[in-house]
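Subject: Structure handover

Hello,

Here is the structure I promised to pass on. Please have it open while you read the notes below.

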Amino acid sequence: MKEFMWKTFVKDYENVKDPVVRNNYTKLTGTLGIIVNTTLSIIKIIIGLATHSIAVIADGAHDIADSLAACITLLGARLARKPADKNHPYGHARIEYLCGLVVSVIVVTVGFELMKSSVQKVIEGSDFEFAWSTVIIIVLAIIMKGSSALFTIATGKRINSLPVIAAGTDNRNDVISSIIIVISMLINYFTGLQLDGYMGCVVSLFILYSGYELTKETISPLLGEAPDPEMVSEIAEMVESTPGVLGIHDFIVHNYGPGKVFCSIHVEVDSKGDLMESHDMIDQIEMKVKKAMNIDITCHMDPVEVDNPVRLKAMEVIERVVDPMKEMGVESFHDLRVVPGPTHTNIIFDLVLTPGKKIDQDMVKDQIQAEIRKIDPTYFIVINFEMAYSWA
C-alpha cells in the first residue's frame, strides 16, 4: 500500500536524495496527517461531549494537536526550501527543526491542560455514559490512525526525516491511547468501574511523553548532533575506494538541515606522486560525492612520505602504544611526519580523542615518548590532540 501511495503522489519517488522529491514526500505525509487527524478530532470530541468522557475528549484534543503539527510541518517544509541568501549562505533548511520544536511545545501544553482536567475528573467523579456505538467508532479510528502512523513512519525512514518519523511515532502513541480508552470503556460496561478520569490521566501522560520525545529529537540537531554513521561510512567508502587515496582523516560533517549537509575531509596521497594528477583526483571525489549523495564535500590533500624508514618505524611504535588506549578514548592518529634537525628529530602527528572521555594527555604523551626514544634518543614527539567529529 505504501509503495502505491508513494508512486501515485510523489513524482520520481525513487530518487529520495533529491530535495524536491524529499519535500514532496513531506507534503504527502503532512496532508494525510491533516485530513486524518482533523476528521478524528471532530468525531472524538463530539463523542466525548455526548458521553461525558474526558478521556475521549483528551484523545480528540491530541488529534487536534497532531493536525496542527502537520500544518506546521508543511509550513516548515515550505520555508525550508527558501534559497540561500547573504545572511544565510547555507540555506534555511533548519527551519524544519524549529517548526518541530514549536510543535513539541504545543503538544506538551495540551498534555498539561488535559492532565489538569483529568485529575479534576478523578476528584469530582465521572458521569461517563457507555455506548457500543462509541466503542465501534473508536475502534475504526484506531485502524484509521494506525494505518496512517505506519505509513508516516515508513515514509520518514525512507527519506531519513526526523520530523516525519516523530509525527508518525506520535500518531502511533495516539493509537495506544485509544486502545487504553476502549479497554476502560469495556471495563466500565462489564464491571461498573468508572475509570474515565484515570484513563484521561494516562492519555495525558502519553501526550506529555510524545512531546518530550519530539522536543529531544528536534533540539538535538539544532545543538549539533553526531552525523549518521551510515552516511559517514558511505562517504568514507566512496573516498577510500578511489585509486590513489592512501587514507582519510579529519572527517567533519556539518548539518544545516535536511538535504543541506556539508563535509570536509583530509585525503592522504603519495608525496612523490604527480601533483596535478592528485589534484584532479580530489576534484573527481568531490563531484562523485555530490552527484551520489547531494552532499557538498571539500577535500584537503595531505602528502604522505610512504617510504620514509623513520616514519614507518615510528608508525609501528605508535600503533603498538595507542592500540591498548582505545578503551580509554584514544581513537587513532594521523598526519605523521618527520622533521629532521641538526641536534634532534621531531616526529609530529595528530592524536584523535573520543568526545566526553577524560584522558590524561600528559600520560599518553609520556608513554609514546618513552617508546619512541627506544628507537633513537634524539627523537622527540610533538602531538596535536583533537576530538573525533564522526565515526564510520
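Two strands count as paired if DSSP finds at least two bridges between them. Helices (H or I, at least four residues) and strands (E, at least two) are DSSP runs, numbered from the N terminus.

A word on the source: this is a predicted model, in which local features need pLDDT of at least 70 and side-chain atom pairs count only at pLDDT 80 or more, while totals for chains, interfaces and linings use all residues. Residues are numbered from 1 along each chain as its sequence is written, and side-chain values use heavy atoms, with hydrogens and water left out.

**The sheet**

β4, β5 and β6 form an open sheet of 3 strands, in the order β4-β5-β6 and with mixed pairing. The edges are taken by β4 (330-340) and β6 (379-387); each has a single partner strand, so one side of each is left without a neighbour in the sheet. From one strand to the next the twist averages 20 degrees (axes are lines fitted to C-alpha atoms, for helices over the stretch in contact, and angles run from 0 to 180 degrees between N-to-C directions).

Strand β5 (residues 345-353) pairs with β6 in the parallel sense over 9 bridges. Ile347 has Ile381 in β6 as its bridge partner.

Helix α10 (residues 309-322) packs on this sheet and touches β4, β5 and β6, with its direction at about 155 degrees to that of β4; contact here means heavy atoms within 4.5 Å. Helix α11 (residues 361-375) also packs on the sheet, touching β4, β5 and β6, and its direction makes about 145 degrees with that of β6.

**The hairpin**

Strands β1 (residues 247-255) and β2 (residues 261-270) pair in the antiparallel sense over 7 bridges. They form a hairpin with 5 residues between them, and Gly257 in the turn has a positive phi of about 115 degrees. The bridge partner of Asn255 in β2 is Val261.

**The cavities**

How many cavities of 30 Å³ or more does the structure hold? There are 2. A cavity is a set of points, on a 1 Å grid over the protein atoms alone, where a 1.4 Å probe fits but cannot get out; lining residues have an atom within 4 Å of a point. Grid points are joined across faces, edges and corners, and a volume is the space filled by probe spheres set on the points.

The largest cavity has about 250 Å³ of space. Of its 21 lining residues, Ala69, Ala70, Thr73, Pro163 and Ala167 are the closest to its centre. The largest share of the lining, 6 residues, comes from α6.

Best wishes

How values were computed
1 Å grid on protein atoms, 1.4 Å probe; cavity = no way out; pocket = protein on both sides within 12 Å on 5 of 7 lines; lining within 4 Å.
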